[in-house]
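This report describes a two-chain model, one chain at a time. The sequence and structure come first.

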Amino acid sequence: MRKGDRAFYLLLVPSLFSSAILMLILIHVTTVSLPAFVDRGLSLLTSVMWSPPTQDYGLLPALVGTILTSLISIVVVTPISLSIMFLVGDLLPRGLSRVFHRLVEVMGALPTVIYGLWGGFTLSRFLHGTVYTWLHDYLSYIPLFSCRPLSGQNILTAGVVLGISMIPYASSLLIEGYRAIPSRYIETAYSLGFYRFETYGLVTSIMKPLLIASIMLSMSRALGETTIVALTIGNAYVASPCLLSPGITVSAWIVSQFESAFIYPGALPALYAGALLVMVLSLLLSFLGIMLISKWRGVIYG
Amino acid sequence: MSCVVEARDLVVRLGGRTVLSGVNLCIKHNSISVIMGPSGSGKSTLLRVINRLIELNPEAEVSGRVVIMGKDIYEWDPYELRRYVVLVQQEPTPFPNLSIFDNVALPAKLNGVARSREEVEKLVRWALEKVMLWDEVKDRLRKPPTVLSGGQRQRLCIARALVLRPEVLLLDEPTANIDPANTLKIEESLKELKEDMTIVLVTHMPHQAARVGDFIYVLYNGKIIEEGPVGEVFLHPRHEVTTKLLERVL
């Protein structure tokens with residue numbers, strides 16, 4: 001065997017190792033969760049009860065919380081990341097753009113517990129005293145704001161903080177995409193007399209698949225985020241469409257119940273079932289996001 | 001004859017390097033003016049100054065005057081100027097996310113040239129006919145431009161510029177990377193279009209200059225070294241560089 005070939009096989013080992021780990025995790029989570037799906041069937045997903053002494057395990061509140069917080073986070077992160085993309089990619093002078101981009105990247109290096117603490121103790125109080133009371137007072141006819149906000153720690157706060165924490169990731173993806181667009185398209189728009197915002201509109205429409213991909217990838221991260229949610233959502237096991245009520249997500253629930261799950265029969269498979277659902281959804285979103293990006297690249301450079 | 005585009009003592013520096021130095025020219029109404037010169041002589045830069053696209057480059061410094069239709073380019077709103085003086089780039093750049101129809105219709109809609117659906121459709125058809133593309137695409141107007149050949153894409157880009165009904169059409173080597181059949185179609189279109197507008201064509205091809213040009217400007221090292229009616233310059237070139245360009249040595 002030649003030296004180069006040996007190096008190739010040596011380098012192959014870590015990638016095979018990580019793929020094997022992913023497979024092992026999938027097998028492990030599926031195996032442990034399987035009894036929950038078999039024993040409880042659909043009620044595992046539709047029941048709102050979680051009562052270990054009576055062995056009632058329903059995941060609906062956690063699933064609703066997971067989906068709602070993820071959707072809110074997307075609503076927060078998408079416009080902000082788009083603005084950052086245009087600011088860094090086009091509006092700011094080169095030097096300032098570099099500094100601003102670095103600052104956003106540094107935001108991504110903050111531990112999630114910092115976002116959680118800030119969101120749970122500062123932002124939640126601020127929002128409770130200002131926005132939430134107003135939302136309930138004036139928009140309570142909309143089910144999303146129909147409940148009285150008892151504290152600032154609720155589904156909406158969790159979603160907002162999740163969205164803020166994802167800004168560095170989503171904006172980096174978009175900035176990279178913006179820079180990948182051949183400058184000739186932007187020059188062409190300007191040379192046809194497009195105004196700046198018309199050009200931005202065109203760029204956004206050229207980037208639509210990438211934008212959708214970045215939403216999918218960000219959402220796949222939001223689905224599994226635990227620390228931020230645990231500190232901001234209020235940790236109440238209720239399934240409510242009202243965003244001003246406290247709630248829970250699958251990952252936050254797993255962390256809070258993991259210790260006692262070994263004591264009560266059936267609890268561990270039920271928690272694993274929740275983990276499996278989040279993992280499958282997250283992997284699916286990541287896969288679709290990556291596919292979209294590669295298809296988009298083909299169109300842009302094709 | 002008055003000038004549609006007039007440059008006086010035009011100097012352009014890009015990142016400290018002088019690209020155009022003391023350019024004077026007068027582009028006449030309803031004519032095709034050809035700009036020739038070796039690579040790096042400043043031909044594309046000259047076009048980008050005329051419609052102020054050069055301002056997208058933060059390193060560009062421009063001095064001297066350029067007057068379009070009697071008004072200094074800096075008295076124009078740059079976006080408005082670019083609607084009257086449209087540039088078609090060397091590489092065909094149809095927008096990949098839009099259909100063939102929408103590629104042509106979008107500038108017309110945004111600039112308010114056509115408002116109703118019927119007006120837009122009529123204008124798109126007119127522009128595509130002008131570049132002899134209508135018959136080739138009329139059955140696939142909703143398809144993406146990726147289904148077209150390189151030459152068809154370039155003609156689509158010219159049609160896209162035409163819907164703005166520009167006063168001046170700037171073309172930066174529009175046939176550089178396309179086949180002879182499409183090149184001839186573009187040249188035929190240009191000859192017809194000059195009845196409606198003034199055309200400035202940058203080209204490397206002396207035969208093309210001879211076929212379509214009325215006037216020629218030869219740029220060398222950022223200066224215009226020779227100018228005049230195409231026939232005269234081709235028959236009696238005064239500068240050695242012009243001779244070499246015409247013989248395609250440069």
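Two strands count as paired if DSSP finds at least two bridges between them.

## Basis of the model

This is a predicted model in which local features need pLDDT of at least 70 and side-chain atom pairs count only at pLDDT 80 or more, while totals for chains, interfaces and linings use all residues. Residues are numbered from 1 along each chain as its sequence is written, chains are lettered from A and ligands numbered from 1 in the order in which they are written, and side-chain values use heavy atoms, with hydrogens and water left out.

## Chain B: overall form

Chain B contains ten helices and ten strands. Its radius of gyration is 18 Å, close to the 18 Å given by the globule rule for 250 residues, so chain B is as compact as a globular protein of that length. The radius is taken over C-alpha atoms, and the rule is 2.2 Å times the number of residues to the power 0.38. Helices (H or I, at least four residues) and strands (E, at least two) are DSSP runs, numbered from the N terminus. The C-alpha trace of chain B spans about 50 × 40 × 35 Å along its principal axes.

Of the 250 residues of chain B, 54% count as buried. Buried means under 20% relative accessible area, exposed means over 50%, and partly exposed lies in between (1.4 Å probe, protein chains only). Among the contacts in chain B with a separation of 6 or more, 67% join residues 24 or more positions apart; a contact means heavy atoms within 4.5 Å. The accessible surface of chain B comes to about 10600 Å², and carbon and sulfur atoms supply 47% of that area. Accessible areas come from the Shrake-Rupley method with a 1.4 Å probe, and for residues only the protein chains shown count as cover.

Chain B carries 33 positive and 33 negative charges, whose mean positions are 3 Å apart. Lys and Arg count as positive and Asp and Glu as negative, with His and the chain ends not counted. Each charge is placed at NZ of Lys, CZ of Arg, CG of Asp or CD of Glu.

## Chain B: the four-stranded sheet

Strands of a sheet pair through backbone hydrogen bonds, either parallel or antiparallel. In chain B, four strands form an open sheet in the order β2-β1-β4-β5, with antiparallel pairing. β2 and β5 (71-72) of chain B are at the edges with a single partner strand each, so one side of each has no neighbour in the sheet.

Strand β1 (residues 3-14) of chain B pairs with β2(B) over eight bridges in the antiparallel sense, and A7(B) has L25(B) of β2(B) as its bridge partner. On the β4(B) side, V12(B) is bridged to V62(B). β4(B) and β5(B) run antiparallel and are joined by two bridges, with I68(B) opposite K71(B). The hairpin of these two strands has two residues between them, and M69(B) takes a positive phi near 45° there.

## Chain B: β3, β9 and β10

β3(B) runs parallel to strand β9 (residues 215-220) of chain B, and four bridges join them. V34(B) stands opposite I216(B) of β9(B). β9(B) is also joined by six bridges to strand β10 (residues 223-229) of chain B, this time in the antiparallel sense, and Y217(B) stands opposite E227(B) of β10(B). In the hairpin of β9(B) and β10(B), which has two residues between the strands, N221(B) has a positive phi near 50°.

## Chain B: positive phi in two loops

N30(B) lies in the loop between β2 (17-28) and β3 (32-36) of chain B. Although N30(B) is not a glycine, its phi is positive, about 45°. Its relative accessibility of 35% makes N30(B) partly exposed.

R52(B), in the loop between α1 (43-50) and β4 (60-68) of chain B, is another residue other than glycine with a positive phi, near 60°. At 8% relative accessibility, R52(B) counts as buried.

## Chain A

Chain A has twelve helices and two strands. From the N terminus, its elements follow the order α-α-β-β-α-α-α-α-α-α-α-α-α-α. The C-alpha trace of chain A spans about 70 × 70 × 30 Å along its principal axes.

Of the 302 residues of chain A, 46% count as buried. Residues 24 or more positions apart make up 76% of the contacts in chain A with a separation of 6 or more. The accessible surface of chain A is about 15100 Å², with 72% belonging to carbon and sulfur atoms. Chain A has 16 positive and 11 negative side chains, and the centres of the two sets are 10 Å apart.
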